[in-house]
Amino acid sequence: MDFSELRPCRFQSFTFPNPNPSLPHHYSDPLRVAVLDSPVTSPQGQAATTSAMLVPPGRESDWIFSTEAGHLHLLLSSSSPPFSRLVLIGSLPSSLTIPYTRVPPLPDKDLDSIQDSLLPLLLALSPKSAFDQGHIPEVPFLSFEDDALHILPVKVLEGPSVGEMIVEDVAIQKDASCVPQIRQRLRFKRMPNLIQTQIRLVPDLDLSHCSSSDLLSLLESRSFRLESASLVQPYLAPMVAGLSLIANVAEEKIASEIRPSCLCVGVGGGALLTCLRIQLGFDVHGLETDLVVVEVARKYFGLVEDEFLGVSIGDGIGIIKRYAREKERGNNRLEKFSSSFDAVMVDLDSEDIISGVSAPPLEFIEKDVLLAVKAVLCKTGILVMNVIPPLDDGSFYRHLVSVLSNMFVELYKIDVQDNENFVIVATRSEIQISSAESRHQFLRKLEEVIGPQLVFSITKITSYNA
């Protein structure tokens with residue numbers, strides 16, 4: 001194996017004798033070493049950079065660390081610009097998905113000992129361009145941290161569109177001062193670092209007094225109920241907050257005993273659809289490319305279809321285009337759709353793993369697609385999109401705002417607390433925002449569901465560089 005030259009996207013793994021076998025309870029002997037070269041090439045004349053990461057003990061079988069897709073996301077999110085090469089080192093993974101329990105962190109002296117013992121290997125794996133003018137390069141160790149205390153696999157499935165996916169129960173705790181929570185979540189193997197959907201699990205006991213072993217026993221016993229209408233994903237509540245921009249329209253419809261309608265492109269676990277249907281009284285229709293994902297939503301995440309909540313299987317963009325064409329021909333009923341929608345909500349991530357985690361797909365913001373979206377919206381309708389900008393210089397955001405501003409009347413932005421996402425709302429008409437003195441029933445209900453702070457955090461985009 002020759003690693004002296006960088007080869008964009010080259011991924012290779014091998015076993016290597018553990019140079020510090022004195023800590024066998026943390027890392028196996030031999031070790032698994034995985035090397036990934038960045039798809040982003042360094043500017044000419046710039047020295048190559050290598051970094052390393054020790055896989056957290058017990059997580060070696062997690063797709064985040066055992067697959068090329070997970071490894072790539074770790075590399076692309078490690079720094080800006082990303083390192084030229086990322087080396088993952090950990091125990092040998094199992095071919096099966098296995099439960100995980102967080103172990104206490106290694107003492108600093110043990111961690112330093114492991115890292116020092118691996119330095120010769122890492123220097124040997126560094127490209128020759130890293131040895132600028134003969135000096136020995138630094139190889140920093142990156143750390144991985146999340147809030148998972150326990151991860152218990154529930155089911156691994158495979159869909160014709162998204163590929164392998166895993167449903168898992170997790171116990172999480174942000175820090176020792178926080179009360180633990182238990183959740184059920186869905187991840188795809190093609191993008192394992194991204195939680196596709198998650199819902200809160202509600203046990204019969206007080207979690208504030210649970211030990212780690214108590215939490216694991218609770219997950220194993222599955223003694224809890226699903227809170228299927230809860231908006232746990234950080235960006236879902238801001239998406240729902242966008243509906244405040246059509247609060248007057250929604251209020252008038254409700255007063256006339258007409259349900260406001262929403263088309264959700266991307267179903268996931270169905271939390272957004274369920275919230276709109278149950279808590280806000282919308283007529284909801286979802287579009288999902290993969291039948292297995294919908295079956296998972298029904299079986300594991302509490303999605304229930306009825307006369308006011310339906311799902312169509314197929315390419316969401318294709319279905320919207322087809323419906324727009326049918327409307328032009330005077331056929332206003334297709335796929336059990338409403339004749340037109342008050343809102344179209346888009347929760348689609350890009351399938352291009354080279355760009356890292358990003359949303360929406362570039363295909364969705366092409367002119368013909370946005371024209372079709374406008375056609376299925378009513379005159380006062382809004383387009384609400386979850387946006388995860390790719391790791392670039394901001395050009396994606398500027399392009400997105402430029403395209404939308406040419407197609408719609410007004411644009412609004414809602415920030416998401418995780419600082420990775422934001423929500424864009426594009427309107428077909430000028431918005432008359434309700435005053436604080438006229439907080440009518442729909443707006444009050446909306447604030448009960450998502451909190452008033454999100455409604456007041458919506459800002460209007462007034463320039464391409466906003």
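The legends below describe close-up views of a predicted model. In this predicted model, local features need pLDDT of at least 70 and side-chain atom pairs count only at pLDDT 80 or more, while totals for chains, interfaces and linings use all residues. Residues are numbered from 1 along each chain as its sequence is written, and side-chain values use heavy atoms, with hydrogens and water left out.

**View A. Strand S18 and its pairing with S16 and S17**. Strands (E, at least two residues) and helices (H or I, at least four) are DSSP runs numbered from the N terminus. Two strands pair if DSSP finds at least two bridges between them. S18 (residues 422–427) is mostly covered, with six of its six residues buried; buried means under 20% relative accessible area, exposed over 50% and partly exposed in between (1.4 Å probe, protein chains only). Phe422, Ile424 and Ala426 point one way from S18, and Val423, Val425 and Thr427 point the other way. S16 pairs with S18 in the antiparallel sense over six bridges, and Ile382 stands opposite Thr427. Strand S17 (residues 410–415) also runs antiparallel to S18, joined by six bridges; here Ile414 has Val423 as its bridge partner. S17 and S18 form a hairpin with six residues between them, and Asn419 in the turn has a positive phi of about 65 degrees.

View B. With a relative accessible area of 0%, Val384 is buried. Leaving aside residues up to four places away in sequence, Val384 touches Met239, Val344, Met345, Val346, Val423, Ile424 and Val425; contact means heavy atoms within 4.5 Å.

**View C. Packing of helices H6 and H12**. H6 (residues 247–255) packs on H12 (residues 441–450) at an angle of about 115 degrees, with the axes 8 Å apart. Axes are lines fitted to C-alpha atoms, for helices over the stretch in contact, and angles run from 0 to 180 degrees between N-to-C directions. H6 and H12 are therefore roughly perpendicular to each other; angles from 65 to 115 degrees count as roughly perpendicular, under 35 as roughly parallel, over 145 as roughly antiparallel and the rest as oblique. Ala247, Ala250, Glu251 and Ile254 of H6 meet Gln441, Phe442 and Leu443 of H12. By class, this contact has five nonpolar, one polar and one charged residues.

View D. Two bridges join S5 to S7 (residues 148–159), and Tyr100 stands opposite Ile151 in S7.

**View E. Asp110 in helix H3**. H3 spans residues 108–124 and contains Asp110. Asp110 counts as buried, at 17% relative accessibility. Its side chain makes a polar contact with the side chain of Lys109 (3.3 Å). A polar contact is a pair of N or O atoms within 3.5 Å; within protein, one must be able to donate a hydrogen and the other to accept it, and residues adjacent in sequence count only if both atoms are side-chain atoms.

How values were computed:
Nonpolar A, V, L, I, M, F, W, Y, C, P; charged D, E, K, R; others polar.
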